[in-house]
Amino acid sequence: KDSKHSSNFTLEQQLKLTYEDGDFSSVLEVFAQEDYSDISNKKDNDRTFARINEIYFQYEFEEDRILLGKNIRFWGALEVNNIVDTFNIQEGRNDPTRTDKIGAYNFEYSHYFEESEFSFISKFYEQNRKMSESSYMYSTLQEGERLNNTLESEKSLYRPNIYLTYSGSLSEEYALDYAFVYQNGYDSQRYSTKSGDEYSEHSYIVNKFMTYNTLVIDSTLYKLEFAYADVQDDNTVSDYINLGLGIENTLEQLEDGSEIGLIGEYYYYQTLKDDKLSDLDLGQSFQNDLFLGLRYSMNDEADTSAVGGVILDTQYNEQNYYVEYESRFFDTFKVKVDARYIEPSTSHNTVFAKQGRQHRFGFNISYHF
């Protein structure tokens, strides 16, 4: 769109330090980035910052584990969108097509069984999400609009979020991995209200039930993610369900040892009360979407792989085409190349419609030492 920069240059730095001594370990990860528009004479994007992603201490007992500090967790099984991966908030000042989580301060106690694990997690407070200026190419804000940096909530932001998780594997007949999560606290989904040209983000309390599972039968991998949110006191947003189904079939190995996989995934989101905010109001971009794709793995020492396909919004007529390639060379360098084209809806005010039609090419090379 004319009000946004047509291209963007960003410098990123990431440093991760780990220390291990017997059963004790600690991690410190620092991330910083600079936006060229912020330091040039162009209009600022407000994307230049530094943050501590992770800083935590962990101790392993014979059948237990404790963790204290700020860390990032990964939950889910699907390829394109993990609907249960809700522990950490996403950085609001970066490209939404990539995963860029912000660490959360929490305490975890876990107990190991023979083939499963139970965890109690308490997240100490609900974090505020900062947003870039409307001039940034991926911002959903329009020219002149701003997001208030104060997160509104029905109770104190320091009210703990409680998570109970149980996960494990069954391998006697089939390779089944399962996980169940119960949450009582602030939902990962938020909604916004507008006063003049300023938006405020609101967080509300839910009881949430989630599960993610994978099952391998012969050369086919089946995936399931499901979430049900029971909203407690907020009258603006509805209870909702979120479902993701996936299947990935790996073809026989080629002569060089490489593999080709066929991927299909379906995503469904539904609010349960028609008089509350809709999926468009809540900025949900995977409400009735189908993903069809291919994965190519060379199974070489460089871990070379490529994945791509198309995401079809069957409700609002949007298409998202993409391909990603990853590999390593000289053992210490990792390269990632991606290309993407997004055709937004012309009939509904979706997230992609707010951003506009996009052509993207990305190149990333990192040195690990």
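**Close-up views of a predicted model**

View 1. Leu15, Leu17, Val30, Ile52, Ile55, Leu68, Tyr105, Phe124, Tyr367 and Phe369 make a nonpolar surface patch of about 940 Å². Patches are built from residues with over 30% relative accessible area and no salt bridge; nonpolar side chains (Val, Leu, Ile, Met, Phe, Trp, Tyr) are joined within 5 Å, like charges within 9 Å. Areas follow the Shrake-Rupley method with a 1.4 Å probe, and for residues only the protein chains shown count as cover. This is a predicted model: local features need pLDDT of at least 70, side-chain atom pairs count only at pLDDT 80 or more, and totals for chains, interfaces and linings use all residues. Residues are numbered from 1 along each chain as its sequence is written, and side-chain values use heavy atoms, with hydrogens and water left out. Strands β1 (10–21) and β3 (49–60) each supply at least two residues of the nonpolar patch. Strands (E, at least two residues) and helices (H or I, at least four) are DSSP runs, numbered from the N terminus. Leu15 lies in β1. Leu15 has a relative accessible area of 41%, so it is partly exposed. Buried means under 20% relative accessible area, exposed over 50%, and partly exposed in between (1.4 Å probe, protein chains only).

**View 2. A patch of negative charge.** Glu114, Glu115, Glu172 and Glu173 gather on the surface as a patch of negative charge. Asp and Glu count as negative, Lys and Arg as positive; His and the chain ends are not counted. Each charge is placed at NZ of Lys, CZ of Arg, CG of Asp or CD of Glu. Glu115 sits in the loop between β7 (104–112) and β8 (116–123). With a relative accessible area of 47%, Glu115 is partly exposed.

**View 3. Salt bridges.** The structure holds 26 salt bridges. In each, a side-chain nitrogen of Lys or Arg lies within 4 Å of a carboxyl oxygen of Asp or Glu. Glu91 pairs with Arg93, with the closest N and O atoms 2.7 Å apart. Both partners, Glu91 and Arg93, are buried.

**View 4. Glu126 and Arg190.** A salt bridge joins Glu126 to Arg190, the closest N and O atoms being 2.9 Å apart. The pair links distant parts of the chain, 64 residues apart: Glu126 is in the loop between β8 and β9 (146–153), and Arg190 is in the loop between β11 (175–186) and β12 (191–195). Glu126 is buried, at 5% relative accessible area. Arg190 is buried too, at 7%.

**View 5. Arg146 and Glu133.** The side chains of Arg146 and Glu133 meet in a salt bridge (2.7 Å, N to O). Arg146 is in strand β9 and Glu133 in the loop between β8 and β9, 13 residues apart. Arg146 is partly exposed at 44% relative accessible area, whereas Glu133 is buried at 16%. Elsewhere, salt bridges with shared partners join Glu79, Lys223, Glu248, Glu265 and Arg295 into one network.

**View 6. Around Thr214.** Thr214 lies in strand β14 (residues 205–217). Its 17% relative accessibility makes Thr214 buried. Leaving out residues up to four places away in sequence, Thr214 touches Ala77, Ala175, Leu176, Asp177, Leu221, Tyr222 and Lys223. Contact means heavy atoms within 4.5 Å.

**View 7. Around Arg357.** Arg357 lies in the loop between α2 (351–355) and β22 (358–367). Arg357 is exposed, at 52% relative accessibility. Beyond residues up to four places away in sequence, Arg357 touches Tyr341, Ile342, Glu343 and Pro344.
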